Amino acid sequence: MTPTSSWAQMVMDLYPPGSSSRDWTCTYCRIVQPPRTRHCHDCDKCVLQFDHHCIWLGTCIGKRNHCRFLWYIFEETILCIWTAALCIESLCLDVDKAWWKDFVGVILLAALILILIFLLLLWLFHSYIALTNQTTYEIARRKRIFYLRGVPERVLPFSKGICRNLYDFCCSSQKGYILEAVPPSEELEARAARYTCRDVICCRCC
């Protein structure tokens, strides 16, 4: 087998039986895409576990850098809180200064608060998808992804439990590229079952 055919066979084994390689072949890169992969038109390459293309950083967020992106949001949030605290302290100083300086300070403080709210929501959202092993693209386009169309809304097909998801999310850059297979329908049906007292005691979600 040639390297190309070997790769195609390995990738097709990750999809449900009956899938065609034509359905998952990138029309731009001419390769068979593994599950959770998408071609980014801005970067002009296929990204494994594609989340989104960040216009502020000028790069795609995916398998190798999603954890660093989460830490970047966290650091920006802390910086914004620290700057807002300094701004409030400056406004509370009992010193003589021009009225327009206080006005500008209030405007900057209001802008900082809006940015802080956005950063907090963004950090909470990406923390949630890290704990559940999802991506922004999968949440936004769930109904348009072929192998996720028949999956119930409350079922997280790629989740391995909170602890394992968090470990894979934080340590994925050290383990190299790991291709995730689409779970079989029997496993997805089992996950769709409601939690019982035994599941809670056994920490099924973890």
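Colleague: Which residues does Asp51 touch, leaving out those up to four places away in sequence?
Modeller: In this predicted model, Asp51 touches Ile61, Gly62, His66, His126, Ile129, Thr135, Thr136 and Tyr137.

Colleague: And where is Asp51 found?
Modeller: Asp51 is in the loop between β2 (45-48) and β3 (52-54).

Colleague: Is Asp51 buried or exposed?
Modeller: Asp51 is buried, and it has no salt bridge.

Colleague: Which side chain of opposite charge is nearest to Asp51, then?
Modeller: That is Arg36, 7.7 Å away.

Colleague: What does Arg36 form a salt bridge with?
Modeller: Arg36 pairs with Glu138, and the closest N and O atoms are 2.6 Å apart. Arg36 lies in the loop between α1 (3-12) and β1 (37-40), while Glu138 is in helix α4 (residues 136-140), so the pair ties together parts that are 102 residues apart in sequence.

Colleague: Are those two buried or exposed?
Modeller: Arg36 counts as buried at 5% relative accessibility. Glu138 is buried as well, with a relative accessible area of 7%.

Colleague: Backbone next. What is phi for Arg36?
Modeller: Phi of Arg36 is near 70°, a positive value in a residue other than glycine.

Colleague: Where does Arg30 lie, and what is its phi?
Modeller: Arg30 lies in the loop between α1 and β1. Its phi is positive, about 60°, although Arg30 is not a glycine. Arg30 is exposed, with a relative accessible area of 64%, whereas Arg36 is buried at 5%.

Colleague: Back to salt bridges. How many are there in the whole structure?
Modeller: A search of the whole structure finds five. In general, side chains of opposite charge can pair when their charged atoms come close.

Colleague: Which residues form salt bridges with Asp168?
Modeller: Lys160 is one of them, at 3.8 Å from N to O. Arg164 also forms a salt bridge with Asp168, with the closest N and O atoms 3.1 Å apart.

Colleague: How far apart in the helix are Arg164 and Asp168?
Modeller: They are four residues apart in helix α5 (residues 162-175), so about one helical turn separates them.

Colleague: Which residues are linked in the salt-bridge network?
Modeller: Arg36, Glu138, Lys160, Arg164, Asp168 and Glu180 are linked in a network of salt bridges.

Colleague: New topic, helices. How do α2 and α3 cross?
Modeller: The axes of α2 (residues 66-92) and α3 (residues 99-132) come within 9 Å and cross at roughly 155°. Angles over 145 degrees count as roughly antiparallel, and α2 and α3 are therefore roughly antiparallel to each other.

Colleague: Is that crossing left-handed or right-handed?
Modeller: α2 passes α3 in a left-handed crossing.

Colleague: How many helices and strands are in the chain?
Modeller: The chain has seven helices and four strands. Along the sequence the pattern is α-β-β-β-β-α-α-α-α-α-α.

Colleague: Last one. What share of the residues is buried?
Modeller: Buried residues make up 34% of the 206 residues in the chain. As for contacts, of those with a separation of 6 or more, 46% are between residues 24 or more positions apart.

Definitions and conventions: Residues are numbered from 1 along each chain as its sequence is written. This is a predicted model: local features need pLDDT of at least 70, side-chain atom pairs count only at pLDDT 80 or more; totals for chains, interfaces and linings use all residues. Side-chain values use heavy atoms; hydrogens and water are left out. Helices (H or I, at least four residues) and strands (E, at least two) are DSSP runs, numbered from the N terminus. Buried means under 20% relative accessible area, exposed over 50%, partly exposed in between (1.4 Å probe, protein chains only). Lys and Arg count as positive and Asp and Glu as negative; His and the chain ends are not counted. A salt bridge is a side-chain nitrogen of Lys or Arg within 4 Å of a carboxyl oxygen of Asp or Glu. Contact means heavy atoms within 4.5 Å. Axes are lines fitted to C-alpha atoms, for helices over the stretch in contact, and angles run from 0 to 180 degrees between N-to-C directions. Angles under 35 degrees count as roughly parallel, over 145 as roughly antiparallel, 65 to 115 as roughly perpendicular and the rest as oblique. A crossing is left-handed if the near helix is turned anticlockwise from the far one by less than a right angle, and right-handed if clockwise.
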